[in-house]
Amino acid sequence: MTTNGPTAPTAPAGMAAAASAHVPYAHPAMSPADRELLLTSVRQVATDPEQKFILGRRCAALERALRDRTGAGDVIACGSGTGALSLALRAARIGPGDEVIVPAFGAEPLAACVLGVGATPVFADVHPDSGLLDPADAERRVTARSRAIVPAHVFSSMADMPAVCELAARHRLEVVEDAAVAQGATLRGRPAGTWGDLGLYSFYPVKPFGMAGEGAIVLSDDTELARATRMLRNHGQDGVNRFLHHEIGLNSRFDEIHAAFQLARLPALDELLARRRAVADYYSERFAPLRDRGLAAPEPGADGRCLYVYAVYTPHRDALARHLAAHGVGSRVYHPSPLPRLAAFAPARTGDGPAAAPWPGADRAAARHLALPLHPHLSPAQTRQVADAVCGFFGLDGPDGPDGPDS
Ligand SMILES: Cc1ncc(COP(=O)(O)O)c(C=O)c1O
């Protein structure tokens with residue numbers, strides 16, 4: 001057990017601080033306070049004489065609140081992160097014949113949504129120790145057909161948005177910033193989701209502002225892109241004249257129960273994020289000396305840090321996962337294969353040329369990443385248990401003495 005160095009973050013009020021034998025990877029249950037808020041939200045909407053269940057005043061109030069919080073010009077609530085990505089691509093008028101540069105490592109919708117609008121995803125390589133889009137590799141894949149680039153924030157870190165925006169400006173590409181996992185993250189003081197021409201957050205339950213169902217928002221400073229997104233989410237209607245469809249859109253709407261719930265929880269979001277940050281900062285301080293021993297972890301500090309998943313990268317990934325399990329610590333591999341190697345995208349692998357170049361960084365990121373428990377309900381003892389187990393594997397400060405990567 002570590003006797004000096006960083007102190008494990010303190011537990012939130014009312015939370016037991018005792019060590020648990022097993023630290024599960026995830027904590028899917030809602031807090032008792034959130035359960036009450038959810039029940040109150042259902043009752044509020046169910047008993048409201050207005051009886052409006054979708055895209056009503058609560059939804060508009062949530063959009064305003066998130067606009068104020070992020071400083072985005074406009075915020076449009078919609079049905080899911082996948083819906084948000086599709087809406088953003090459609091609003092940017094991406095379609096057949098266009099190429100869209102996406103990271104070769106990440107969530108499936110990054111490429112699926114591009115194919116969904118009839119365009120071609122062009123996979124760019126990523127940094128092997130963060131999974132983040134490599135802007136230099138992305139630039140090598142620009143062609144005369146390139147119309148947009150979709151940088152994604154991954155696990156614990158934001159993409160290099162200044163470099164992505166620069167290259168996009170040079171080649172006149174739209175930037176659709178996938179901040180699905182990055183609510184609460186900022187880079188150089190600017191919130192995730194507000195760097196791109198369009199950005200998005202997902203409210204899928206495990207996300208930092210996840211809720212009890214499906215939902216998301218699109219953010220944009222561009223009035224025309226925001227107007228188009230708002231129309232597209234509701235079958236191309238303008239919100240004034242029903243059944244007059246200006247174009248073919250989607251059903252990607254947001255409902256009032258979720259809006260009431262998210263509005264009620266918004267004041268507590270910073271506290272939840274702070275709790276995640278304390279855990280992540282503690283891990284990063286404990287893991288900093290392990291870089292020379294083969295473990296890449298997110299740097300300490302808030303700039304560009306996401307608080308969704310705490311992922312480390314090591315060539316000894318599978319042995320580390322086994323060691324953690326043996327020490328009662330759950331962990332998770334998210335993307336075991338780079339996107340272009342998934343069967344689903346086989347038809348999208350386009351012949352020769354810049355699109356077909358290899359993805360060595362994505363191959364390594366897929367083989368090396370491992371996510372550790374990071375959620376607001378971790379007790380200090382559990383947080384320490386996770387860090388001790390990781391350090392122990394690399395022969396540093398482990399509770400059971402040296403038990404290194406070769407084990
Ligand atoms: C980077 C990224 N983009 C998009 C999505 C899709 O979001 P949703 O699950 O809300 O559809 C996810 C989901 O995990 C994601 O991680």
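Predicted model: local features only at pLDDT ≥ 70, side-chain atom pairs only at ≥ 80, totals over all residues.
Aromatic rings come first. A pair of aromatic rings is described by the distance of the centres and the angle of the planes. The structure contains 11 aromatic pairs. One of them joins Phe-203 and Phe-254. Their ring centres lie 6.2 Å apart, and their planes meet at 80 degrees. Planes over 60 degrees apart count as edge-to-face, so the Phe-203 and Phe-254 pair is edge-to-face. This pair links distant parts of the chain. Phe-203 belongs to the loop between strand 8 (198-202) and strand 9 (216-220). Phe-254 belongs to the loop between helix 7 (223-232) and helix 8 (256-287). The two residues are 51 residues apart. Phe-203 has a relative accessibility of 0% and counts as buried. Phe-254 is buried as well, at a relative accessible area of 1%. Both values fall under the 20% limit for a buried residue.

Tyr-283 and Tyr-310 form another edge-to-face pair. Here the ring centres are 5.0 Å apart, with the planes at 65 degrees. Tyr-283 sits in helix 8, whereas Tyr-310 sits in strand 10 (residues 310-313). The pair therefore ties together parts that are 27 residues apart in sequence. Tyr-283 is buried, with 0% relative accessibility. Tyr-310 is buried too, with 2% relative accessibility.

Some rings gather in a group. Tyr-25, Phe-105, Phe-155 and Tyr-334 make up one aromatic cluster. A ring can also face a charge, as in the case of Arg-190 and Trp-195. The charged end of Arg-190 sits over the ring of Trp-195, at 4.5 Å from the ring centre.

Cysteines were examined next. A disulfide is a covalent bond between the sulfur atoms of two cysteines. The structure holds zero disulfides. Cys-59 shows the reason in its own case. The closest cysteine sulfur to that of Cys-59 is in Cys-78, 9.5 Å away. A disulfide needs the two sulfur atoms within 2.5 Å, so the sulfur of Cys-59 is too far from that of Cys-78 for a bond. Cys-59 is buried, at 2% relative accessibility. Cys-391 is also buried, and its relative accessible area is 1%.

Thr-82 counts as partly exposed, with 39% relative accessibility. Ala-112 is 30 residues from Thr-82 along the chain. The C-alpha atoms of Thr-82 and Ala-112 are separated by 8.9 Å.

Two loop residues have a positive phi without being glycine. Leu-55 has a phi near 50 degrees. Its place is the loop between helix 1 (32-47) and helix 2 (57-70). Phe-243 has a phi of about 70 degrees. Phe-243 is located in the loop between helix 7 and helix 8. Phe-243 is exposed, with a relative accessible area of 58%. Phe-254 is found in the loop between helix 7 and helix 8 as well, but Phe-254 is buried.

Separations along the chain and in space complete the picture. Ile-54 lies in the loop between helix 1 and helix 2. Ile-54 is partly exposed, at a relative accessible area of 40%. Ile-54 and Phe-203 are 149 residues apart in sequence, and their C-alpha atoms are 16 Å apart. Phe-254 and Val-164 are 90 residues apart along the chain. The C-alpha atoms of Phe-254 and Val-164 are separated by 30 Å.

How values were computed: Residues numbered from 1 in each chain as written. Heavy atoms only, no water. Phe/Tyr/Trp six-rings, centres within 6.5 Å; stacked < 30°, edge-to-face > 60°. Helix = DSSP H or I, 4+ residues; strand = E, 2+ residues; numbered from the N terminus. Buried < 20%, exposed > 50% of the residue type's maximum accessible area, 1.4 Å probe, protein only. Lys NZ or Arg CZ within 6 Å of the ring centre and 35° of its normal.
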